[in-house]
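Please read the following report with the sequence and the model side by side.

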Amino acid sequence: MKINHTILKEFILVGFSVYPHAQTFLFVVFFCLYLLTLTGNLAIMYLTWVDRCLHTPMYLFLSALSFSETCYTLTIIPKMLADLLAKNRGISVIGCGMQMYFFLGFGGTHSIILTLMGFDRFLAICNPLRYPLLMTNVVCGQLVASAWVAGFIISITETALIFRGSFCGPNLVKHFFCHMRAVVRLSCLDSELTELIVTAISVSGLTGTFLLIILTYVFILSAVLRIPSAEGKQKAFSTCASHLTVVIIHFGFASIVYLKPGASGGDDAVIAVPYTVVTPFLSPLIFSLRNKDMKSAFRKVLAKTSSLNK
């Protein structure tokens, strides 16, 4: 137990304040990346909504992924941008708990939807004749709803463990948002045990979803190699390329954040940037630029808009 410390009601997010001369530059870079991230994800959701050709499970999963990504960046990046220009980087304990809850919930949902997208590709390639019966839009919606429920059950469990007691000074959170490992170290209770538990939960969820995706791709690869024609193999691989690329980027950067030993040193705020800022920026680019249907839907919208303006 920590003693002789004032019970905290507010945290100070240290963030990038340790780099005072780079604040304006970082704000411009992060703001541009965030703007492009929002534009890309909103474009995917809009095109999926307006183009009936995209009303299929694969694109409904993609739209759900874009929505979860938009939400989890919304919970942390606007606050980070404001703090880069502000002198007061405070956040109430309640506000910190809410930010952590929604970030973990949306982030967990995001990882589960990525796993469901792999399962969808597995059914489409390994069971092409039964796929329309097994993966309907209704089933897709039910799976997405289950992903949201599971993501927020994990989130509320971790957040409740961290915020079940009071917090002792100093009130400096060495991060640009209320990251669970940065906040739990300020707990008046046994912070090491709590940190171990919440880290174990996150790592289990992260590795579990990643291993499930790897397993689906083992079956997909086995099925693709049995396709006799080279054209058929290329078509099958092309439907998975974007998803596999995003999976590698997402889980690769996430593993750096969550598997990094606490005593290994390094600036946690800088280490988290690829996972929280760069990955959401790359994801819609990869899914849209490498997708013929998405580009075709975009051209249709442009053509319709230009015809209306004439």
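## The largest pocket

Helix H9 (230–258) gives the most to the lining of the largest pocket, with seven residues; helices here are DSSP runs (H or I, at least four residues), numbered from the N terminus. A pocket is an open set of points on a 1 Å grid over the protein atoms alone, with protein on both sides within 12 Å along at least five of seven lines, and lining residues have an atom within 4 Å of a point. The model is predicted, so local features need pLDDT of at least 70 and side-chain atom pairs count only at pLDDT 80 or more, while totals for chains, interfaces and linings use all residues. Residues are numbered from 1 along each chain as its sequence is written, and side-chain values use heavy atoms, with hydrogens and water left out.

The space in this pocket comes to about 690 Å³, a volume being the space filled by probe spheres set on grid points that are joined across faces, edges and corners. Of its 20 lining residues, Met58, Tyr59, Ser238, Thr239 and Asn291 are the closest to the centre. Besides H9, the elements that give two or more residues to the lining are H2 (57–74), H4 (93–126) and H11 (292–309). By class, the lining has seven nonpolar, seven polar and six charged residues, where Ala, Val, Leu, Ile, Met, Phe, Trp, Tyr, Cys and Pro count as nonpolar, Asp, Glu, Lys and Arg as charged, and the others, Gly among them, as polar.

Two cavities of 30 Å³ or more are counted, a cavity being a set of grid points where a 1.4 Å probe fits but cannot get out. The largest cavity holds about 80 Å³, and its lining consists of His175, His179, Arg181, Arg185, Val257, Lys260, Asp268 and Ile271. Four of these lining residues are charged, two are polar and two are nonpolar.

The second largest cavity has a volume of about 60 Å³, and helix H3 (residues 77–85) provides the largest share of its lining, three residues. Among the lining residues are Gln23, Met80, Asp83, Leu84 and Phe176.

## Packing of H1 against H3

Helix H1 (residues 23–50) packs against H3 at an angle of about 155°, with the axes 9 Å apart; axes are lines fitted to C-alpha atoms over the stretch in contact, and angles run from 0 to 180 degrees between N-to-C directions. H1 is therefore roughly antiparallel to H3, a term for angles over 145 degrees.

The contact (heavy atoms within 4.5 Å) involves Gln23, Leu26, Phe27, Phe30, Phe31 and Tyr34 of H1, together with Ile77, Pro78, Met80, Leu81, Asp83, Leu84 and Leu85 of H3. By class, this contact has 11 nonpolar, one polar and one charged residues.

Key. Angles under 35 degrees count as roughly parallel, over 145 as roughly antiparallel, 65 to 115 as roughly perpendicular and the rest as oblique.
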